Amino acid sequence: MASRLWRRVGRGCRLAFRACRWLFWALLLVLLGTLLLLDHVGLPASWKTVLQEQVRRQGLDLEFARLRLRLISGVVADHVLVRPTGEGTVPRLEAEQVRLDLNFGDLFRGRFSVEGLDIVKGRFIGGQDVTTSDRFPWPVDQIQARVLFLPDGTWELQEFRAKAGPIRCTLSGRLRQAIGLRQWPHLALRPKVPAGEGDSASQLSRSWRQWWAQWDVSEPVELRGRFEIDALHPETLELQLQVRAPRVSSPRVRLERLWIRAMTKPGVSKPSAPTRLPSWQVELQAVEATMPDVRAEQLRKLRIRLEAEPSAEEPLWHVTGTGEVETVRALWGKLTRLRVETHAVASPTPFSLTWLRWQVTAEEVETDLARIESLHLSGEGQPRLSTGPTLEAEPWRWWASWQFSTSGRVDRVALPDLTLHALEWHLQWHAPELVLEHLVMHFPSGPVSAEARFRADSDELQVRLHAEADPRHFDRWLTERSRRWLDQFQWDQPPRIETEARVKLPAWPWQSTAWSEVWRSGISLAGHIELLQARYRGFKAERVSTHFHYENGTWRFSDLIVQRPDGQVQADYRVRPWERDYQWRFRWQLPLEAVAPLLGSNQLHWLTFYRGQYPILVEGEVRGAFLQPESVAGECRIVCTNFLIRDLPVDRFEAMLGYTNGRLRLLEPRLERAEGRMTAQGLTLDFATQHVHFTNLLCHDGIDKVAAAIGPRTARVLAPYRFETPPLLHLEGTVPFRGMQGADLRVTVDGKAFRWWRLNLAGVRGNIHWKDHQICLTNVQAQGYGGRLAGWAWFDESAAVGTDFRYELTATEIDLSALMRDLQPKPSRVEGLLDLHLVMHHGNTADWRTWNGSGEAVLRDGWLWSIPVFGVLSAPLDALVPGLGRSRVTSGRASFSITHGVLRSEDLECRAAAMRLLYRGQLGLDGRLDAVVQAELLRDTWLVGRVLSLALWPVSKVFECRITGTLAEPKVELLHVPRVLTIPLRPLQTLRDWLESPHSSSAQP
C-alpha cells in the first residue's frame, strides 16, 4: 500500500516536472520571441515616451528613430540625437546607438528609471542655421561614452572616448545639478546673421575657431581629462586635463613632443555676481618649439592661470602665466634658460585687455655681436585711461591706445674688445610721449647714463647723456677715420661728457637717405667735455674742458680750455663736416717746446733753432677746408720774450701774422734785443713760390748776429764784413728760400766803424740790389783814413766758374799812412793824402786774368820810399846828394789801365822838391812787376827847374833802371850802364849794389 502510494507520488512529480519543463521552455520561447520582437520591432511607443521623459528629467532631450530591447545590451536607442533640454541652436550629439541603463528594481515595481546612458559611435553636430565659421574645425566623432545619472541630478561620465580630427580624447568626470546646463548663456551656437551684425562674443568665438583651424596635426594627439562641476555654478569647475602631441604646427609655430597639463580650481561667487569663472592653471612642455627664424628647445613649465573676478556688470579675467625654456635659438642668437612670467586682466565681452604685467629672465644670451650672462625684463601696461591725441603715423598708431612702463637689466655683456658690467633702463609710454627715464651702462672705465623723451606726434626726440667711460670702448662702431683721429688722444682718466640733444626724426618708414638729412639739419645738441691728465700726440695737458654745440650741420666748441703748468690754450672751434671746413679762434700762451709733439719732422727742424723757457702768446684765427691745404687761411698776433734764435738772445718779438693762399704774412713785426732792434711794415713767406718778401724792414743790429741767426751759410758769407756798432739796414724786396733765382731785394745800409779784410772805415752807407744771380751795390759812400770813399759794384753769380763783377771806386784825401798801417803786417813809413778813381769794367773772381779796367791816382805831401818799388833809387840819390832820395813827395799822379789782369801805366810820376820820378810799365795782379823808372833831378826847381833838369840829363840817364820781380821783392837793373863798365868804376859798382840790395816786403792787398 505504501509502495503503491510512493509510486503514484513519484509519477506525479515526474509529470509535474515535465510540465514545468515544458512550461519553462515555452515561457523561454515566448520570452525569446518577445525579445526578438522588441529587438527588431522596438519597444512600444508608451515605453519610448516614458523613457524620454525620464531622460528629460536628467536634463537631456533624446530623439531617436526607434527604441529596442537587446538581450545583452538592454534598452538601446537607434539613431539618437542628444542635446541639453531647452530652446535654441545648441550643439547636439548624434549617435548610432545609445544604451539606456534601467533600474531593474523599479522596473519590477512597474516604474521606469534610467540610471545612465551608453553612447556608441556618436558624433557632435551643430545646431540649425549655424554659420560655417562657427563650426569646430574638426569633426568630433567615434564617440563612446557612459553617462550615469546619479541622485540629485548628478551626471557621472565614465570612459568617454572620442576623435576630433587627429585628437584622441579620453574623458571622465561628474556634473552636478546637470539641469543647470539650460542656463548656460554661451552654450548655444548663434545662428547665421547678416554681415556686420551680431555681438562681440560671437565675433570672439569666430576668431577663436579661425585661429584653431590654422593648426595642422600630422600625428595623433592624445587628450585625457577628468572633471567635476556644478552646472548651476560653473565657477565650481574642477578639471584635470592632459594633452600629448608628437608634433603640431601652424603657419607661425611648430611644436615637437608637446605635453599640456591643465587644471582648474573652483571660483568664488558673490551675491552681486552669482557667476564667476573658475581659475585655470595650464602647464605646457615641449621638446622643441619652432617659429619663423626662432627655435625653442626643451620648453617646460609653461603655466597659465585664469581667474574671473565677479562684478555687478561683468566678470574680469585674471590670467597669470609662467614659462621656462631651456634654449631659444634664432637668427640673431641664442637664449639659455629663458623664463617668462605674465599677469593680465581682461574683459571677456567684448574681449579687451585692461592691464598687463610681465617679467622675463634669461641666464645667458648669445648673439653675433654680444654675449650676456643674465637678462631681466619687467613691465606693465594698460589701455590709455584718459583721452589723448590720435596718432595716425606708423608705427605709433596701434600703440596710441596703450600706456606702459618697462624696466630691464643685463649683466656681463661681452662684446668684441669690450666688456659691459651691467646695463639698466626704465621705459615709459604714454601717448604721444615715450620716455626713457633711466639708462645706465656700467663699463670697466666708468658709467654712461642717459635719459630720452620722444614725442610721436611731432617726431621729436630729446636726449640727455652723462658719460664717464672711455670712448675707445666704442671703436668698433666708429669709422676708420674716426678711429685714427681718436687714437691720437690718450688719458689717465676717461673724459667726462654731458650732453643734451634734440632730434627731428624722419617720417616712417625710415629710409637711409632720410637719416643723412637728419644728421645735417635735424639734430641740435649741446654739452660739456672735461678731461684730466690728457695727451694729444704727445702734447700733455692737466685739464681740458669745453662746451660744445651742434646745429644745422655745424659743430662748435665755444670755450675750449687746455691747462698746463707752463700755460694754457683758449680756443673757439667751429667745424662743418658736410661742407668740410673749419674755423679756429684761439689764444695760446705756452712755451714753444710744449707744442713740439704736435709738429712734423720738417717743423721740428726749425724748432731746434729756438730756445726759450717763457710762454709764447699767440692769439688769432685759422680757417680752411679739410684735405685742402691751399684753402687754409688765418691771422694771429704773436708775442715772444726772452728766447734764443741760433744762440742769438732776443728780448721780445711781436707781430701780426696772416696766412692765405700759401702765404704767411707778418704785419708790423718788431724784434727787440739789448744790442739792437728790427721792425718792418710787412714780411711775407710765400710757400708756393718758396720766396720771402720784405716790406720796409728796418734792422738796427749787428750783421754778424743777424747772419748767425739766419744760418751758418749766411754767416760765412757775411763774416768778412763787420760793423763795430750795429748798422741801420733797410730791406725791401724778395729773397728765395733756397738759391738765388727769383731774388729781388733792395737793401740800404747805414753804419759806422766798418771792417773788411784789413780795411777799417769810420762809416759806410749805400744801396744793395740783389736781382736773381746779380748783386748791385750803388751809391756806396764811406768815411775812413781821413777821407771819403764812393762807388758802386756789380756781381753776377750765374757764371759757370767764379763770380763776374765790375765796379767803380772813388777815394778822396785818404791818409796813406793810416791805410798802410792796416794793410802792412809790419810797420813801415808811408805818408800822404791819396785820391783814387778806379773803374773795373769786367772781371771774374776765379781768374784774375779776366780783370779789365782803368783808373787814376793822385798823391799829395807823401812819403813813399819805404815801399820797395818806390825806394829803389833812394839810396843812390842819397849817396849823390844827402837827403835827395828821401825827400817828401809833394805830389804824385798816375793814370793806368787794367787789361787781362795786368795794370799798365805810362805816366806815373812822383814829385819831390829836388827831383821827379817817372814810372812806366806794368804790374800783374799776381804781384809780378815790369817797369822802368827814371829820376829827373831838380826838375821842379822854381824858375830854373827845366834848365837844371836838362843839364843833369846824363845823370838822370845813369839812374834810369828797369824794375822786375814782385812788389815785395823787386829786382833793379840799370838800363844805360853796361855791367862790364862797372868793374873799373867803383862808384858804379856801389850804385848797382845799392840797387840790388834786399828790400823789406810789403803786404799785398
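Author: Welcome! Because the model is predicted, local features need pLDDT of at least 70 and side-chain atom pairs count only at pLDDT 80 or more, while totals for chains, interfaces and linings use all residues. Residues are numbered from 1 along each chain as its sequence is written, and side-chain values use heavy atoms, with hydrogens and water left out.

Reader: What makes Arg585 and Glu621 a salt bridge?

Author: A salt bridge needs a side-chain nitrogen of Lys or Arg within 4 Å of a carboxyl oxygen of Asp or Glu. The closest N and O atoms of Arg585 and Glu621 are 3.6 Å apart, so the pair meets that cut-off. In general, side chains of opposite charge can pair when their charged atoms come close.

Reader: Where do Arg585 and Glu621 sit in the chain?

Author: Arg585 is in strand β30 (residues 581-590) and Glu621 in strand β32 (residues 616-625), 36 residues apart, and the pair links distant parts of the chain. Strands here are DSSP runs of E, at least two residues long, and helices are runs of H or I, at least four, both numbered from the N terminus.

Reader: Why is Glu621 called buried?

Author: Buried means under 20% relative accessible area, exposed over 50%, and partly exposed in between (1.4 Å probe, protein chains only). Glu621 has 16%, so Glu621 is buried.

Reader: Which residues are linked in a network of salt bridges?

Author: Arg587, Glu619, Arg637, Arg652 and Glu654 are. Within this group, Arg652 and Glu654 have their closest N and O atoms 3.1 Å apart. A search of the whole structure finds 49 salt bridges.

Reader: What makes the nonpolar surface patch?

Author: Leu5, Trp6 and Val9 make this patch of about 360 Å². Patch residues have over 30% relative accessible area and no salt bridge; nonpolar side chains (Val, Leu, Ile, Met, Phe, Trp, Tyr) are joined within 5 Å, like charges within 9 Å. Areas come from the Shrake-Rupley method with a 1.4 Å probe, and for residues only the protein chains shown count as cover. Val9 has a relative accessible area of 40%, so Val9 is partly exposed, and Val9 is found in helix α1.
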